[in-house]
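My notebook is open, and today I am looking through one structure. Come and read along with me.

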Amino acid sequence: AAVVASPGLQAQTSRLVPNDAGKPALEVDGKPFLTLGIQLNNSSGFPADLKALGPAIARLHANVVMVPVSWQVIEPEEGKFDWSVVDGLLAEARAQKLRLTLLWFGTWKNATMSYTPAWVKRDVRRFPRVISATGAPIDVLTPIATASRDADARAFSALMGHLAEVDGAQRTVIMVQVENEAGTLGADRDHSPAAEALFRGPVPADMPGAKPGTWTERYGVDAPEAFMAYHTAKYIGAVAEAGKRVYALPLYANVWPREQPGLLRPGESSPSGGAVSWLLPQWRALAPAIDVVGVDNYDTNIAPYIAIARAYDIPGNPLFVPETGATMAHARHAFWTLAQPHALGIARFGLSAESGLKDGRPAEEPIAVDYRLLSGIAPFLLPLRDAGQVRVAIEEDGLANVPGTFDEVDFVARFGEVKEVYGGKRGQGNPDLSGRVIVARAAPDRYLVTGASANLLFAPKLGQPGSVELVTVEEGHFEDGRWVRERLLNGDETAFGLVLPPEGRSMMVTLFANR
Ligand code: N0T
């Protein structure tokens with residue numbers, strides 16, 4: 001179910017608090033908050049769409065809806081702001097008792113300028129474009145132009161000022177994404193005369209880690225991308241700073257990553273100047289008003305998915321995946337993501353009215369199962385997770401038995417039918433690779449288990465005598481942070497391992513080490 005605004009207005013906040021790991025953690029209404037998000041389609045940032053999508057939103061069990069708000073919509077004429085769409089979105093979100101994250105589509109949307117107002121698009125003199133290597137202007141505003149930066153910053157700060165006014169007390173909006181996949185598509189860098197001069201000059205002293213020299217001396221073939229990252233980060237940092245000054249909501253930027261197989265050239269097949277992983281520390285330092293850099297991660301294979309995620313889980317920057325897909329692979333990877341210490345959350349991109357329906361009937365999407373299982377558990381799970389007391393096992397092709405260990409006990413998650421084969425009982429795998437399990441150690445003898453399509457077996461650690469017995473296995477859920485038991489499981493549900501059915505199950509397990 002969607003998160004309902006809590007009664008006491010005073011308690012309602014959304015803020016980032018530093019944690020022991022030096023990574024900001026999101027707190028909403030005074031409690032740790034795990035984003036289990038859905039993102040509306042690019043052209044659905046209108047009140048009527050949010051209303052029409054209400055049933056689909058409810059079917060997804062998300063706790064936050066990410067909604068585009070564009071420069072084109074709020075500032076159709078320079079200096080004349082139209083808040084009807086924003087106010088309509090807030091009213092509709094409140095009617096549905098939803099929390100929102102707004103996506104500011106300003107200068108950059110997927111590294112082009114499609115969401116800028118007509119008066120920006122038409123005035124190429126005042127708002128200069130990136131000039132490609134062949135000398136052609138493209139549909140990207142150059143990051144070196146201060147006029148564009150200042151115009152965007154004025155619009156963004158107007159938006160934040162308006163939110164402070166109409167939502168500062170209620171906090172329907174908990175976070176704002178600044179731009180969308182900032183960077184330049186269609187050129188490796190700006191080749192305009194002004195940019196040429198900057199590119200041939202010295203690397204500015206505020207570029208982190210830069211030794212004296214020109215861009216090419218310092219970065220070789222990577223110089224165009226480093227140059228664009230420097231200017232793009234400073235630009236977006238200025239926009240974010242202008243907004244934050246009037247209303248200090250948590251702000252993040254998202255990245256179109258380049259750690260993908262194939263010949264991805266910056267500016268050609270992926271943006272140049274975004275916070276790609278090798279430039280992430282520099283980008284963070286140049287745009288300090290951006291609290292978090294999230295990575296859009298759609299990879300359906302686990303190894304590259306994890307490689308991309310880890311590249312963004314660095315000191316000072318918690319893992320945040322503001323976009324992923326809707327398949328079973330994405331749902332498995334979401335389970336993995338949400339179990340990573342300090343992760344802020346994930347969002348499934350591209351909700352449509354048919355989402356969560358099959359032949360016109362409700363049929364939970366794979367990621368909706370994750371969200372349903374994890375939303376109530378989150379306040380209990382997050383402190384354990386961030387203290388290193390959570391393990392996650394997800395099924396992959398050819399990997400149907402995943403072991404895990406805690407200080408006191410070992411376990412194995414077995415996926416698919418469990419059969420006696422040479423060497424013992426082994427999972428044979430689910431055809432849809434739907435197995436996913438989170439195990440959280442609440443106490444030495446108490447474990448919260450949640451997940452789907454799996455069978456979980458606890459065992460003594462190697463070298464420990466005796467056996468690990470199940471004292472009680474409670475099936476249940478959390479309500480307002482308290483565990484609510486629905487039934488006690490025994491017999492077929494526990495005798496051959498704890499059964500996690502395809503629709504999912506949460507269990508509080510008490511163990512007894514019988515030595
Ligand atoms: C996204 C979306 C939306 C397997 C594309 C993803 C969204 C934007 N871009 O549908 O337009 O607004 O942020 C780019 C990731 C591409 C890599 C896919 C590899």
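Which order do the six strands of the open sheet have? I looked it up and found β16-β21-β22-β27-β24-β25, with antiparallel pairing. Strands here are DSSP runs of E with at least two residues, helices are runs of H or I with at least four, and both are numbered from the N terminus. Two strands pair if DSSP finds at least two bridges between them.

I noted that β16 (390–394) and β25 (482–488) stand at the edges with a single partner strand each, so one side of each has no neighbour in the sheet.

A reminder to myself: this is a predicted model, where local features need pLDDT of at least 70 and side-chain atom pairs count only at pLDDT 80 or more, while totals for chains, interfaces and linings use all residues. Residues are numbered from 1 along each chain as its sequence is written.

Next I looked at β22 (residues 446–452) and β27 (residues 505–514), which run antiparallel and are joined by six bridges. In this pair I found tyrosine 447 opposite valine 509 of β27.

Then I turned to the domains, with bounds from an automatic or database domain assignment. The assignment gives domain 1 (9–375) and domain 2 (391–514). Their centres, taken over C-alpha atoms, are 37 Å apart. The contact takes 11 residues from domain 1 and 14 residues from domain 2, counting residues whose C-beta atoms, placed from the backbone, lie within 7 Å. On the side of domain 1 that touches domain 2, α12 and α13 (366–375) each supply at least two residues. I saw that α13 gives the most there, with five residues.

How values were computed:
Contact = placed C-beta atoms within 7 Å.
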